[in-house]
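Here is a walk through one protein chain, from its overall build to a few local details. Keep the model open beside the text.

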Amino acid sequence: MITIKENTTLVGVSELRKGIEKILQKARKGLVIIEKRHKPAAVLMSNQEYQDIQNIMETAEDIVLGFIAQERFKNSREKDYINIKNLLK
């Protein structure tokens, strides 16, 4: 196990098998990069950090979709819309 940054640790797969508790403690405090044959294979992180990343991604997606909708609205015309009364008939 090697600490490569203050909150990032590098771990080999064999170390993962032997010391999962210690590695999970490291993951609660930062990132743990798991290497297989000296190549990054996976990343462990705390559930809270994962949830934070998910929230950021969802917010970014909402912003992008908002811009797309705004652009479509600006470029639309009256004939692009269906009258709700006609639709319900």
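A contact here means heavy atoms within 4.5 Å. By that rule, residues 24 or more positions apart account for 12% of the contacts in the chain with a separation of 6 or more.

The model is predicted: local features need pLDDT of at least 70, side-chain atom pairs count only at pLDDT 80 or more, and totals for chains, interfaces and linings use all residues. Residues are numbered from 1 along each chain as its sequence is written, and side-chain values use heavy atoms, with hydrogens and water left out.

Start with the overall build. The chain has four helices and four strands. These are DSSP runs, numbered from the N terminus: helices are H or I with at least four residues, strands are E with at least two. Along the sequence the order is β-β-α-α-β-β-α-α.

Next, the dimensions. The C-alpha atoms fill a box of roughly 70 × 25 × 25 Å along the principal axes. The radius of gyration is 24 Å, whereas a compact globule of 89 residues would have one near 12 Å. That radius is taken over C-alpha atoms, and the globule rule is 2.2 Å times the number of residues to the power 0.38.

Now the surface and the interior. The chain exposes about 7900 Å², and carbon and sulfur atoms supply 55% of this area. Accessible areas come from the Shrake-Rupley method with a 1.4 Å probe; for residues, only the protein chains shown count as cover. Of the 89 residues, 16% are buried. Buried means under 20% relative accessible area, exposed over 50%, and partly exposed in between.

Which residues make up the largest nonpolar core? They are Val-11, Leu-16, Ile-23, Ala-27, Val-32 and Ile-34. Helix H2 (20-29) and strand E3 (31-36) each supply at least two residues of this core. Such a core is a set of buried Ala, Val, Leu, Ile, Met, Phe, Trp, Tyr and Cys residues joined through side-chain atoms within 4.5 Å. Look at Val-11. Leaving out residues up to four places away in sequence, Val-11 touches Met-1, Leu-16, Ile-23, Val-32, Ile-33, Ile-34 and Glu-35.

Move on to the loop between E3 and strand E4 (39-44), where Arg-37 sits. His-38 lies in the loop between E3 and E4 as well. Arg-37 has a positive phi near 55°, though it is not a glycine. His-38, also not a glycine, has a positive phi of about 65°. Arg-37 counts as exposed because its relative accessible area is 73%.

Finish at helix H4 (residues 84-88), which holds Leu-87. Leu-87 counts as exposed because its relative accessibility is 53%.

Conventions:
Buried < 20%, exposed > 50% of the residue type's maximum accessible area, 1.4 Å probe, protein only.
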